[in-house]
Amino acid sequence: MAGKRIVLDVLKGETVSPPPLWMMRQAGRYLPEYRETRKRAGSFLDLCYDPDLAVEVTLQPIERFGFDASILFSDILVVPNALGRDVRFEEGRGPILKPIMAAEIAALNGDVFHVNLEPVYETVRRLRAKLPDETTLLGFCGAPWTVATYMIAGHGTPDQGPARLFAYREPDAFARLLKVLADHSAAYLIRQIEAGADAVQIFDSWSGVLDEPSFEAFCVEPVAEIVRQVKAAHPDVPVIGFPKGAGERYRDYRKKTGIAGLGLDWTVPLSMAKELQREGAVQGNLDPLRLVAGGKALADGVDAILKTLGGGPLIFNLGHGITPETPVAHVEAMVKMVRSHR
């Protein structure tokens with residue numbers, strides 16, 4: 001059916017064969033055309049905030065591979081940036097922020113939040129106008145815990161020790177920070193939906209470093225609050241949650257947060273993924289390094305996922321973002337394998 005957005009069908013719990021397909025970080029450095037656009041942009045944040053260029057790079061993987069979903073090109077750290085925190089990206093080091101102190105949390109400025117993010121909303125509007133009718137447009141944000149880890153440490157760390165320590169030592173201040181981030185992230189997603197996003201994804205890239213009570217307080221509760229606010233404004237728009245590294249805690253994450261689709265990282269056993277799929281759509285979960293390796297490693301990984309999960313509501317994806325060294329030919333091979341599944 002022309003114009004049918006099958007990703008949305010799957011998020012409603014339907015089984016589609018072959019399953020719809022997209023990749024996290026599909027607009028990225030593995031594509032030569034992205035690298036050319038990135039050079040023209042200046043800084044990474046300039047690329048995120050320039051609607052002309054952000055639209056260009058978002059469309060590149062759609063034009064090349066015909067993915068079933070297109071995800072807005074942006075970054076999770078535009079939220080603290082829009083709240084007045086300094087954010088920059090350094091080659092080889094990633095994001096650098098001025099670490100936030102407990103006393104500075106009250107000064108986070110939401111007054112100009114949407115003004116600062118207007119270029120992102122303009123990008124979404126243009127994308128919905130330019131994308132093929134059948135392509136689902138995904139908006140996104142970072143989960144409050146993951147965004148907070150960067151705000152507190154000032155950069156990525158292997159175990160997010162600075163944020164965990166801050167949360168234990170300054171529980172009230174940390175709770176305030178999560179609340180500010182949850183409320184503004186929800187408002188950000190709602191504006192993306194109003195600009196044309198069909199569904200939204202919440203990335204909790206660092207949920208796997210927390211103990212059980214911290215996971216509940218820092219990951220589950222803030223995401224549940226975002227979902228509640230988004231659903232209050234747009235009850236029919238599905239939310240995908242991706243709590244990377246959650247392990248056993250994936251089991252009740254959907255029920256506790258209210259998400260429609262559950263993004264699975266590559267460490268989730270397919271037997272467990274099959275159980276999770278009984279409750280609704282799952283998304284994932286090919287190891288990105290199988291895509292780098294290609295050949296038998298790729299074919300075996302794709303085949304196992306399709307055999308185990310292809311009979312239920314599945315959005316085929318990687319178990320995390322595509323890596324820059326991935327050969328384009330391997331992506332083409334993966335798309336062909338998934339598309340030919342019956």
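Is histidine 341 buried or exposed? In this predicted model, histidine 341 lies in the segment that follows helix H15, which covers residues 328-339. Histidine 341 has a relative accessible area of 18%. Buried means under 20% relative accessible area, so histidine 341 counts as buried. Leaving aside neighbours within four places in sequence, the residues in contact with histidine 341 are Ser17, Pro18, Pro19, Leu306 and Gly310.

Seven strands make up an open sheet with parallel pairing, and their order is E1-E4-E5-E6-E7-E8-E9. Strand E1 (69-71) and strand E9 (314-318) are the edge strands, each pairing on one side only. On average, neighbouring strands of this sheet are turned by 25 degrees against each other, direction ignored.

Strand E4 spans residues 136-142, and seven of its seven residues are buried. Thr136, Leu138, Phe140 and Gly142 point one way from E4, while Leu137, Gly139 and Cys141 point the other way. The residues on both sides of E4 are buried.

Strand E5 (residues 199-204) then pairs with strand E6 (residues 239-243) in the parallel sense, over five bridges. Here aspartate 204 stands opposite proline 243 in E6. Helix H10 packs on the sheet and touches both E5 and E6, and its direction makes about 165 degrees with that of E5.

The axes of helix H9 (residues 171-195) and helix H10 (residues 212-233) come within 9 Å and cross at roughly 35 degrees. The crossing of these two helices is right-handed. On the H9 side, the residues making the contact include Phe174, Leu178, Leu189 and Ile193, and on the H10 side they include Phe218, Pro222, Ile226 and Val230. Sorted by class, the contact of H9 with H10 has 13 nonpolar, two polar and two charged residues. Asp183 of H9 and Glu225 of H10 are among the residues that take part.

Another pair of strands is arranged in the antiparallel sense. Strand E2 (residues 87-90) pairs with strand E3 (residues 94-97) over four bridges, and phenylalanine 89 stands opposite proline 95 in E3. E2 and E3 form a hairpin with three residues between them. In its turn, glycine 92 has a positive phi of about 85 degrees.

Finally, there is a database record to set beside the model. An unreviewed UniProt entry places the feature "domain: Uroporphyrinogen decarboxylase (URO-D)" at residues 20-29 and 138-154. In the model, residues 20-29 are 0% helix and 0% strand, and the end C-alpha atoms of this span lie 23 Å apart. For residues 138-154 the span is 59% helix and 29% strand, with end C-alpha atoms 28 Å apart.

Conventions:
Residues numbered from 1 in each chain as written. Predicted model: local features only at pLDDT ≥ 70, side-chain atom pairs only at ≥ 80, totals over all residues. Heavy atoms only, no water. UniProt positions renumbered as here; feature names shortened; annotations may be inferred. Axes fitted to C-alpha atoms, helices over the stretch in contact; angles between N-to-C directions. Left-handed = near helix turned anticlockwise from the far one by under 90°. Contact = heavy atoms within 4.5 Å. Nonpolar A, V, L, I, M, F, W, Y, C, P; charged D, E, K, R; others polar. Pairing = 2+ DSSP bridges. Buried < 20%, exposed > 50% of the residue type's maximum accessible area, 1.4 Å probe, protein only.
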